[in-house]
Amino acid sequence: MQDMLKLNNVAKSFTLYNQSGIQIPVFEGLSLSVEKGECVALAGPSGMGKSTLMRMIYGNYLCPAGAIDIRHRDTWVDIASADPRVVLDIRRWTLGYISQFLRVVPRVSALDVVAEPLVGRGMKPDEAREHAAVMLGRLNLPESLWHLAPATFSGGEQQRVNIARGFVARYPVMLLDEPTASLDKANREAVLTLIEEAKSDGVAVVGIFHDAETREAVCTREFLMSDFKKAA
Amino acid sequence: MSAQTMQQPARNDVSTDTPLLTVDRLTKLYGNQLGCADVSFDLYPGEVMGIVGESGSGKTTLLNCLAGRLSPEEGSVVYTDRTGEEVDVHAVSEPRRRMLMRTDWAFVHQNPRDGLRMGVSAGGNVGERLMAAGARHYGKIRSAALDWMEKTEIDLTRIDDRPSTFSGGMQQRLQIARNLVTGPRLVFMDEPTGGLDVSVQARLLDLLRGLVAEMGLSAIIVTHDLAVARLLSHRLMVMRRGKVVERGLTDQVLDDPQHDYTQLLVSSVLQP
Ligand SMILES: Nc1ncnc2c1ncn2[C@@H]1O[C@H](COP(=O)(O)OP(=O)(O)OP(=O)(O)O)[C@@H](O)[C@H]1O
Ligand SMILES: Nc1ncnc2c1ncn2[C@@H]1O[C@H](COP(=O)(O)OP(=O)(O)OP(=O)(O)O)[C@@H](O)[C@H]1O
Ligand SMILES: [Mg+2]
Ligand SMILES: [Mg+2]
């Protein structure tokens, strides 16, 4: 199978200047490749840097050492050294990310929050909203909420908006940070189905799933973060 | 759905773009007081750049130098116009620069009073900009003015009222209508939401976000509000004492700041 993502010798630590310059080492010497159609689970105890690694792949956290190569527009691009414009282009077309919580924007309806990635790709807003409605329907979000801004939604409702937004457009590579954490069983099933569909479409998935049952249901292999723990 | 949404049209390919604005080592002094120092960057079509930093860090100074409203001591600003011609903003003739400001650029001031004519009706304020850019047909000017008042959510029955009778939020929206009616390619904004209360700010931000995306505008937005910067800008520059101390993708700079000053800035607010 074809590689979509290749991390080579990646390291990360944080320096907190306002707390007397304390250093927080996270990991080092981390390498990982992810192929089309597989779902790799980042595993390891809390604080090992699972979310940090995912944010680095997304370009949200800086990658100070090593390379994060992604197949974008049929060439390899190193996210660690890419220009912000290129990172945004990668996020628009190649790399999706579902974070643990929705970041709400004032005054924007759930439907438009979900439609936005498609509009960003040039789709007409009305058409994008139709796709968004289908996705919100699959995630069982009550139709009465679609035209409201998600600021007042419950945690699980917000998270389903977030997931719908992540799946409304197809990305060749997807990052999922505990997407099912605040969901009940029925909604978790709906998300697992979406992940399975993505995999069979050839999407390369990297996920963090704290409950073993979910992990075993969708992941094709585990990647143990504790192997790269950096000593303080 | 997957096949159609996986298509990547070439028009979105960023690798072939040329910059709209090229800024090279810009320095502005006020006597021996530093305004801004050694600022360089490229701005690409469709890009929104935020400039953040504490009061007195040189944000307004830099913006004014970029827009040709202040002359820098050193450095250059080169704008590529619609025909692909490069214009050195500070070396070009005054009439040419004024023409650019009327047709290609827009400048939204923090205080709407600086960007509006308070003695002219709301409709006149919008129409006037169109006329300055060459429009002559009265009916078309009036309908464009109405269209833009609608877009900026100003009650159309107020078209003949003077902006001095408007609230601060309405004045700011009118200023935006006046600036965008000519279809500029590049918009400079100095604290567009400053001085407005929070609910009015949210409405204005939503409006700006929509317009920028819809019109594919390039913009440079000065703000001290990190939440505004996160919402509106793709890229961020952090200024301190006239210098750019950190720059990068907006969410990266805010979520994983590298410079001690940026970390202080980010940790000083509730949710940047
Ligand atoms: N922006 C940041 N600034 C400073 N330190 C950070 C930042 N983000 C994460 N860290 C630190 O990096 C380490 C790894 O955190 P991370 O959130 O990646 O862990 P995790 O493996 O996802 O844990 P969990 O399972 O609890 O979600 C922690 O010590 C955390 O405090
Ligand atoms: N016309 C002027 N004459 C002299 N000094 C000036 C002038 N304009 C600005 N300055 C000084 O230049 C520095 C930068 O000012 P500037 O207005 O660019 O700051 P700013 O970052 O926009 O601040 P704020 O957030 O308060 O608007 C300040 O120290 C200011 O006092
Ligand atoms: Mg985590
Ligand atoms: Mg200022």
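**Notes on the ligand site, cysteines and backbone**

1. Let me start with the make-up of the ligand site: by class, the shell around ligand 1 holds 6 nonpolar, 5 polar and 2 charged residues. Please keep in mind throughout that this is a predicted model.

2. Who are the neighbours? In total, 13 residues surround ligand 1, and the closest are Ser46(A), Gly47(A), Lys50(A), Ser51(A) and Thr52(A). The site is shared between chains, because the residues around ligand 1 come from both A and B.

3. Some polar contacts are worth a look on screen. On the chain A side, a polar side-chain atom of Ser46(A) sits 2.6 Å from an oxygen atom of ligand 1, and a polar backbone atom of Gly49(A) is 3.0 Å from an oxygen atom of the ligand. From chain B, Asp255(B) places a polar backbone atom 3.2 Å from a nitrogen atom of ligand 1. On its own, ligand 1 has 630 Å² of accessible area, and the protein covers 67% of that.

4. Which elements give two or more residues to the shell around ligand 1? They are β1 (3–16), β2 (22–35) and α1 (50–58), which belong to chain A. Of these, α1(A) supplies the largest share of the shell, with 3 residues.

5. Now to the cysteines. The count of disulfides over all chains is 0. Cys219(A), for instance, is in no disulfide, and the nearest cysteine sulfur, in Cys39(A), is 3.5 Å away; the cut-off for a disulfide is 2.5 Å between sulfurs. Cys219(A) is also buried, at a relative accessible area of 16%.

6. Last, two backbone angles to check. Most residues other than glycine have a negative phi. Arg25(B) is not a glycine, yet its phi is positive, at about 45°; this arginine lies in strand β1 (residues 21–30) of chain B.

7. Arg241(B), again not a glycine, has a positive phi of about 50°. You will find Arg241(B) in the loop between β9 (235–240) and β10 (243–249) of chain B. Is Arg241(B) buried or exposed? Arg241(B) is exposed, with a relative accessible area of 60%.

Conventions. Residues are numbered from 1 along each chain as its sequence is written. Chains are lettered from A and ligands numbered from 1 in the order in which they are written. This is a predicted model: local features need pLDDT of at least 70, side-chain atom pairs count only at pLDDT 80 or more; totals for chains, interfaces and linings use all residues. Side-chain values use heavy atoms; hydrogens and water are left out. A residue is near a molecule or strand if one of its heavy atoms lies within 4 Å of it. A polar contact is a pair of N or O atoms within 3.5 Å; within protein, one must be able to donate a hydrogen and the other to accept it, and residues adjacent in sequence count only if both atoms are side-chain atoms. Accessible areas come from the Shrake-Rupley method with a 1.4 Å probe; for residues, only the protein chains shown count as cover. Helices (H or I, at least four residues) and strands (E, at least two) are DSSP runs, numbered from the N terminus. Ala, Val, Leu, Ile, Met, Phe, Trp, Tyr, Cys and Pro count as nonpolar, Asp, Glu, Lys and Arg as charged, and the others, Gly among them, as polar. Buried means under 20% relative accessible area, exposed over 50%, partly exposed in between (1.4 Å probe, protein chains only).
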